[in-house]
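Keep the sequence and the 3D view at hand as you go.

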Amino acid sequence: MKIGDQAPDYELPNQDGVMVRLSALAPGKSLVVFFYPKSLSRYQVIRLKL
């Protein structure tokens, strides 16, 4: 994918195991999707909060 491309409408489990569809998160709005490992280091968590 390139910047500006439309992401496929996929469905994945959230942190609680509930299935969430991308299109249901913010209908008609732009989203940033970020995938991260389950165990983040302290440094990574701090950087995410900036």
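A residue is called buried under 20% relative accessible area, exposed over 50% and partly exposed in between, using a 1.4 Å probe and protein chains only. By that rule, 4% of the 50 residues in this protein are buried. The model is predicted, so local features need pLDDT of at least 70 and side-chain atom pairs pLDDT 80 or more, while totals for chains, interfaces and linings use all residues. Residues are numbered from 1 along each chain as its sequence is written, and side-chain values use heavy atoms, without hydrogens and water.

**Fold**
- The protein has two helices and two strands, taken as DSSP runs numbered from the N terminus (helices: H or I, at least four residues; strands: E, at least two).
- Along the sequence, the order is β-β-α-α.

**Surface**
- The accessible surface is about 5,000 Å², with 57% belonging to carbon and sulfur atoms (Shrake-Rupley method, 1.4 Å probe; for residues, only the protein chains shown count as cover).

**Leu31**
- Leu31 sits in the loop between α1 (22-25) and α2 (42-49).
- Leu31 counts as partly exposed because its relative accessibility is 41%.

**Second largest pocket**
- This pocket has a volume of about 380 Å³, the space filled by probe spheres set on grid points joined across faces, edges and corners.
- Among its 17 lining residues, Gln6, Ala7, Leu22, Leu31 and Val33 are the closest to the centre.
- A pocket here is an open set of points on a 1 Å grid over the protein atoms alone, where a 1.4 Å probe fits, with protein on both sides within 12 Å along at least five of seven lines; lining residues have an atom within 4 Å of a point.
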